[in-house]
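Subject: Structure handover

Hello,

Here is the structure for your files. My notes on it follow below.

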Amino acid sequence: KSSPVDTASLLFQSGWSGRAEMGLSGNDSFAIKSSPDGSNWKTALAVSDKGHVLTPERPVVRAGRASGNVSHASGSLSGFTDLTLQQGGFVLADIVTGTLKELKVPATGLYLVTLSLSVVSSSGHTVSIRVNGTTSAFAINGTTSAANSMQSVSFMAAFNENDRISLAHSGTCQLAYGAGKTEISLVML
C-alpha cells in the first residue's frame, strides 16, 4: 500500500459478501476483523506498529451501584445501576428489584469473576452470585468482625450468552457502593 490510509488485506467471503478480513485496513495496525453481514465490521484483534496487542471486543465489565450505603436484609436480592467499565457487549438487562438490574453476559465462554464488598457493618452475612435467578456456590461470607473492611473473592466460571447475573443476600449487612467499593468484575478469558 502506498500510504497509511490505504488498505492491504486478505478478505474472506461467504456468498460473495465479506465475513472476515486480516491485514492493514485504513491504518498501519495489523487487524483481524469479522462481520455478520459484510457491512458491519468488528475488530477482534489489532496489533499496533509498536507491537501492542488490543482486543477491543473482548467482554470486560465492572458493575456496581450509585454511591451510598445500603442495608441488605437476609433473603433480599440486588442488582446493578452502573457499568463503570464496559467493553464487548455487557449491558444491564431485566429488573431485579426497584431500579436495580441484572448484568447480561454478551458471549459464551470462560470468565474471570471478582466480587468485592465494602462492608460498613455486619451481623454475619453472605453475598452470593445468582445466575439466571438461581443462587450459585460463588459467595463471600463475613462475620461481625468484617465491619469497616473490604472483602474480595475471585474465581473462574463458564457463562453462556444472555446469562443474567445478580446478587442474593443472607444475614444482614450494610455495604458501601460507588466506584472501587462493592462491585462485580468479569473478564472473558
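Contact here means heavy atoms within 4.5 Å. By that criterion, and leaving out residues up to four places away in sequence, Glu-21 touches Thr-7, Ser-9, Leu-10, Leu-11, Ala-31, Ile-32, Lys-33 and Trp-41. Please keep in mind that the model is predicted.

Glu-21 sits in strand S2, which covers residues 17–25. The residue is buried and has no salt bridge. Lys-33 is the nearest side chain of opposite charge, at 4.9 Å. What Glu-21 does have is a polar contact of 2.6 Å between its side chain and that of Ser-9. Both Ser-9 and Lys-33 are also in the list of residues that Glu-21 touches.

The other items concern backbone angles at two asparagines.

Asn-148 has a phi near 55°, which is positive in a residue other than glycine. Its place is the loop between strand S13 (134–142) and strand S14 (149–159). With a relative accessible area of 67%, Asn-148 is exposed, because the cut-off for that class is over 50%.

Asn-162 is not a glycine either, and its phi is positive at about 75°. This residue lies in the loop that runs between S14 and strand S15 (164–177). Asn-162 has a relative accessible area of 40% and is therefore partly exposed.

Regards

Technical notes: Residues numbered from 1 in each chain as written. Predicted model: local features only at pLDDT ≥ 70, side-chain atom pairs only at ≥ 80, totals over all residues. Heavy atoms only, no water. Helix = DSSP H or I, 4+ residues; strand = E, 2+ residues; numbered from the N terminus. Buried < 20%, exposed > 50% of the residue type's maximum accessible area, 1.4 Å probe, protein only. Lys, Arg positive; Asp, Glu negative; His and termini not counted. Salt bridge = Lys/Arg side-chain N within 4 Å of Asp/Glu carboxyl O. Polar contact = N/O pair within 3.5 Å; in protein donor to acceptor, adjacent residues only side chain to side chain.
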